[in-house]
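User: Can you walk me through a few spots in this model? I'd like plain answers.
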Amino acid sequence: MPFVCEHLVAGAVWRADLYHGLRRCRAQDDTAVRGDLKYRLRDFGGIMFTRRHLLQNLGRAGGTAATASAMQALGLFGSASAMAALPDTGENFGAGKSVVVLGAGISGLVAAYELEQRGFDVTLLEARQRVGGRAWTVRDGDNIEMIGEATQTAKFSDGVYFNAGPARLPSFHQEILGYARKFGVPLEVEVNSSRSAYVVADNGSKLRMRTAINDTRGHIAELLAKAVNQGALDAAVSAEDKAKLMPFLKFYGDLGEDYAFEGTVRSGFGTAPGAGTSSFETAPKATPLSALLANERLNMTLFEEMLFMQATMFQPVGGMDQISVGIERNLKRRAVRGAEVQRIRHDAKGVTISFVDTASGGARSLKADYCVCTIPFPVLAKIDTDFAKPVADAIAGVEYDNSNKVAFESPRFWERDQIYGGISFVGGETQLIWYPSWGLHSERGMILGCYSSGTPGAKFAARPIAEQIAMARAAIDKVHPGHGADLTNALAVNWKKVPYSLGPWPNWHPERKGPQEGHNDTPGFRLLCEPAGRTVFASAALSQTPGWQEGGIQSAHAAVAALAKQVAARALTEPSRRAV
């Protein structure tokens, strides 16, 4: 505080001296100093100084850059925290202020919509000829273009489509479900887990999911019952609790009178029930515990127990892109398609975006007061920008994962195998088979023979496309013998090769061998959650759920809140301007 006050008391003109003093206060993260600056800078030289006086004089002498640093020192610029709620600003809050939003994926669309609702003049630029970003639904005649690969063209029957990116919406993702409801996008149930599907061992043996789940439960219940009866748990289980636990274990594992597990109709039928009195159902013989433990996919019997992978989810009718289309349909100004950003520059008055119209090849530029950038970081790292070196380094350092899908059109042979939606887990580089939930009992459907990520996904993506398709076909034929020949119109998508994406989601902790959800808190993550001058970043990458659209919406809301805070602070010193 003395560093600043000495200049003030001495009657120094509001110049860069004060500006640098404020920067020092911010760098030292001195809360007490900022508190003094916010509430006690007054009565110097007989003049009552308020934050408004301070910022107005800084703006006159030091320009917008000085004002911006002062506002950051005073705590007036907010972080784009993924948990920030949408600001209740009123519909005219942004009147006279312009914002350019880069990227029309879910984050960009939501940011554009919410900013328009608050009165901002919004221009939305999208490099692709479609909106939705990773929410990409491929239909008949669509092209799949990937870097270094020949173009694939979809040749699908009427009504058949392929969600190349996200394909399911958990019930607790209330933000994206809310936008679907708000804009009248019809939803249907997505069967994410079917107990008629399979867990497949490396040796090719397979178990129905219901068999693996219930036989494992039966064996564990029997072992625990034996331990309790033999007194092995007397120190941990009271006599009163034992009296309650034993009947529960009998029911839990479907054990016999002697607490032995010999099989259960929960796992399927040995003989199915029929008509009359001579066709009673019987339980199948229990799968030996050793056979269950030998199946490398046994852990996947807990798949639906994860909240993110709940058994029943939702999907938009007709394809995942319908939510993005629904949001854009309600924008005051639709996205400018084919706008490939080449250059981003900041100055004292705003942001200038230079881009190329990919259809005509013509170069254009656009100026705005603010920018919300949702461009994936691997793509942004290749664009000519003037971000400060720490920010540029953070952008370049974000490591994206691999993700691949291989889809086939086919007659619905899996339904004859009692599988209606859900996933069979096969392991290896293809990892799983995903059955469609839509169009049940129709003639044809879309089945995935691969959905892989992580290390297996990296190995898979390195293979030629023809080999990827052959491996996915073989995986399906292994589980459904003879039906590999039914698979037609194959398409493969490797997200690391998809232009304007260059990956599906970031892996903020590559040392972790687990899900990408949760506990993302690295220096780079934190820095990119902060405004970079007049630019605010937004994407699912900056959430705790980088692979989910819900995270993209949360980040968009946080970006709107952070931008609104900047606008409120800068309103003290700046004129308004529309994007030009």
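Predicted model: local features only at pLDDT ≥ 70, side-chain atom pairs only at ≥ 80, totals over all residues.

User: Where is Lys497 found?
Analyst: Lys497 sits in the loop between β20 (488-494) and α16 (523-528). Helices (H or I, at least four residues) and strands (E, at least two) are DSSP runs, numbered from the N terminus.

User: Is Lys497 buried or exposed?
Analyst: Lys497 is buried, at a relative accessible area of 14%. Buried means under 20% relative accessible area, exposed over 50%, and partly exposed in between (1.4 Å probe, protein chains only).

User: And what does Lys497 touch?
Analyst: Not counting residues up to four places away in sequence, Lys497 touches Met146, Ile147, Glu149, Ala461, Arg463 and Gln468. Contact means heavy atoms within 4.5 Å.

User: What about Glu517, buried or exposed?
Analyst: Glu517 is in the loop between β20 and α16, and is buried, with a relative accessible area of 18%. Leaving aside neighbours within four places in sequence, its contacts are Phe308, Arg512, Gln544, Thr545, Pro546 and Trp548. The C-alpha atoms of Glu517 and Gly547 are separated by 7.6 Å, although these residues are 30 apart along the chain.

User: Switching topic: which residues touch the most other members of the largest nonpolar core?
Analyst: Val138, Phe162 and Ile447 do, in a core of 57 residues. A nonpolar core is a set of buried Ala, Val, Leu, Ile, Met, Phe, Trp, Tyr and Cys residues joined through side-chain atoms within 4.5 Å. Apart from it lies another core, of 38 residues, including Tyr113 and Val536.

User: How many residues of β19 are buried?
Analyst: In β19 (residues 444-453), 8 of 10 residues are buried. Strand β16 (residues 403-411) runs antiparallel to β19, joined by 9 bridges; two strands pair if DSSP finds at least two bridges between them.

User: Last one: at what angle do α7 and α8 cross?
Analyst: The axes of α7 (residues 209-229) and α8 (residues 239-253) cross at roughly 155° and come within 8 Å. So α7 is roughly antiparallel to α8. Axes are lines fitted to C-alpha atoms, for helices over the stretch in contact, and angles run from 0 to 180 degrees between N-to-C directions. Angles under 35 degrees count as roughly parallel, over 145 as roughly antiparallel, 65 to 115 as roughly perpendicular and the rest as oblique.

Key
Residues numbered from 1 in each chain as written. Heavy atoms only, no water.
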